[in-house]
Amino acid sequence: MIDVSNRNESLLIRGSVVKVRRTCGKAQCKCVDGELHETWALSYSYEGRTRMIPLREDDLGVARQAIKRYQKALNRLESQAIQGIKHLHATVKAAKRRVR
């Protein structure tokens with residue numbers, strides 16, 4: 001379970017919350033007839049491989065909020081990077097005009 005006692009609003013998580021459906025392997029279980037077991041998990045890639053961390057119902061809200069914060073931070077960083085490229089482009093263009 002994710003520790004929410006010291007709720008850290010700066011927690012960022014890269015990944016997606018997904019519902020996993022699977023069979024357990026027991027011969028007499030309902031999943032043999034197609035009624036699969038369902039659990040929530042965090043799916044993320046690391047070192048070129050997709051990995052999963054099982055989540056409890058209590059963890060879903062915290063994980064989803066941390067994913068949203070990560071996406072917002074990534075969007076802000078991308079915007080800053082584009083502004084940096086535009087600034088550099090304008091600086092180089094102005095320097096070329098001065099040389100001529």
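The model is predicted.

**Overall layout**

The chain holds 1 helix and 3 strands. Along the sequence they follow the pattern β-β-β-α. The radius of gyration is 23 Å, whereas a compact globule of 100 residues would have one near 13 Å. Buried residues make up 15% of the 100 residues. Of the contacts with a separation of 6 or more, 47% join residues 24 or more positions apart.

| Property of the chain | Value |
|---|---|
| Span of the C-alpha trace along its principal axes | about 85 × 35 × 20 Å |
| Radius of gyration | 23 Å |
| Distance between the centres of the positive and negative side chains | 16 Å |

The charged side chains number 21 positive and 10 negative.

**The core**

The largest nonpolar core has 8 residues: Ile-13, Val-17, Leu-42, Leu-55, Leu-60, Ala-63, Ala-66 and Ile-67. Helix H1 (residues 57-99) gives the most to this core, with 4 residues.

Take Leu-42, one of the core residues. Beyond its neighbours within four places in sequence, Leu-42 is in contact with Ile-13, Gly-15, Ser-16, Arg-51, Met-52, Ile-53, Leu-55 and Ile-67.

**A loop residue**

Glu-47 sits in the loop between strand E2 (37-46) and strand E3 (49-55). Its phi is positive, about 50°, although Glu-47 is not a glycine. Is Glu-47 buried or exposed? Glu-47 counts as exposed because its relative accessible area is 64%, and exposed means over 50%.

Technical notes: Residues are numbered from 1 along each chain as its sequence is written. This is a predicted model: local features need pLDDT of at least 70, side-chain atom pairs count only at pLDDT 80 or more; totals for chains, interfaces and linings use all residues. Side-chain values use heavy atoms; hydrogens and water are left out. A nonpolar core is a set of buried Ala, Val, Leu, Ile, Met, Phe, Trp, Tyr and Cys residues joined through side-chain atoms within 4.5 Å. Buried means under 20% relative accessible area, exposed over 50%, partly exposed in between (1.4 Å probe, protein chains only). Helices (H or I, at least four residues) and strands (E, at least two) are DSSP runs, numbered from the N terminus. Contact means heavy atoms within 4.5 Å. The radius of gyration is taken over C-alpha atoms; the globule rule is 2.2 Å times the number of residues to the power 0.38. Lys and Arg count as positive and Asp and Glu as negative; His and the chain ends are not counted. The place of a charge is taken as NZ of Lys, CZ of Arg, CG of Asp or CD of Glu.
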